[in-house]
Amino acid sequence: MNTRIRELRKALDLSQREFADRIGLKQNAISYMEKGGSTVTEQNIKVICSQFSVNENWLRTGVGDMFVENDRKQKEFFAIFDELSPVLQDYLIHTARELLDAQSKMDNQKKCY
């Protein structure tokens, strides 16, 4: 698991300090963890998975995808949404509804053939 934590941090393009800050640890704890000098606690596993939308099975065993993709996309979307002005938030909602309608029409056309 220690090497997967390093692999995850690199995939996120974060320094040890940035990774540590995001999960409430110190940089030296991450360094020690990545070198295999420290056992990863249950609490750290839960925080890492929650903070970065990581597949817990992958983190523990190396099996499966690194990320729980849908959660990650939702978090990114809501973070962007929160940064927009109210007018642009309304525009984004309107556009999302139009996309949903277009998808529904495309799905219906596929069923007809």
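Predicted model: local features only at pLDDT ≥ 70, side-chain atom pairs only at ≥ 80, totals over all residues.
1. After H4 comes Ser 53, and the phi of Ser 53 is positive, near 55°.

2. Helix H2 meets H4 through Phe 19, Arg 22 and Ile 23, which are in contact with Val 47, Ile 48, Gln 51 and Phe 52 in H4. The residues of this contact divide into five nonpolar, one polar and one charged. As for the geometry, the axes of H2 and H4 come within 9 Å and cross at roughly 100°, and because angles of 65 to 115 degrees count as roughly perpendicular, H2 is described as roughly perpendicular to H4.

3. How many aromatic pairs does a search of the whole structure find? The search finds two aromatic pairs, and one of them, formed by Phe 19 and Phe 52, is stacked, with 4.9 Å from centre to centre and 10° between the planes. Since Phe 19 lies in helix H2 and Phe 52 in helix H4, this pair ties together parts that are 33 residues apart in sequence. Phe 19 is buried, with a relative accessible area of 0%, and Phe 52 also counts as buried, at 4% relative accessibility.

4. The rings of Phe 77 and Phe 78 also form a pair, and this pair is edge-to-face, because the ring centres are 5.7 Å apart and the planes lie at 75°. Phe 77 counts as partly exposed at 40% relative accessibility, and Phe 78 is likewise partly exposed, with a relative accessible area of 49%.

5. Helix H2 also packs with H3, at an angle of about 110° and with the axes 8 Å apart, which makes H2 roughly perpendicular to H3. On the H2 side the contact is made by Gln 16, Arg 17, Phe 19, Ala 20 and Ile 23, and on the H3 side by Gln 27, Ile 30, Ser 31 and Glu 34. Sorted by type, the residues of this contact are four nonpolar, three polar and two charged.

6. Is H1 oblique or roughly perpendicular to H3? H1 and H3 pack at an angle of about 125°, with their axes 7 Å apart, and this angle makes H1 oblique to H3. The residues of the contact of H1 with H3 divide into three nonpolar, one polar and three charged. In H1 they are Asn 2, Ile 5, Arg 6 and Arg 9, while Ile 30, Met 33 and Glu 34 belong to H3.

7. Asn 2 deserves a separate look. Asn 2 has its place in helix H1 and is buried, with a relative accessible area of 18%; the assignment follows because buried means under 20% relative accessible area. When its neighbours within four places in sequence are left aside, Asn 2 is in contact with Met 33, Glu 34, Gly 36, Ser 38 and Val 40.

Terms used:
Residues numbered from 1 in each chain as written. Heavy atoms only, no water. Helix = DSSP H or I, 4+ residues; strand = E, 2+ residues; numbered from the N terminus. Buried < 20%, exposed > 50% of the residue type's maximum accessible area, 1.4 Å probe, protein only. Contact = heavy atoms within 4.5 Å. Phe/Tyr/Trp six-rings, centres within 6.5 Å; stacked < 30°, edge-to-face > 60°. Axes fitted to C-alpha atoms, helices over the stretch in contact; angles between N-to-C directions. Parallel < 35°, antiparallel > 145°, perpendicular 65-115°, else oblique. Nonpolar A, V, L, I, M, F, W, Y, C, P; charged D, E, K, R; others polar.
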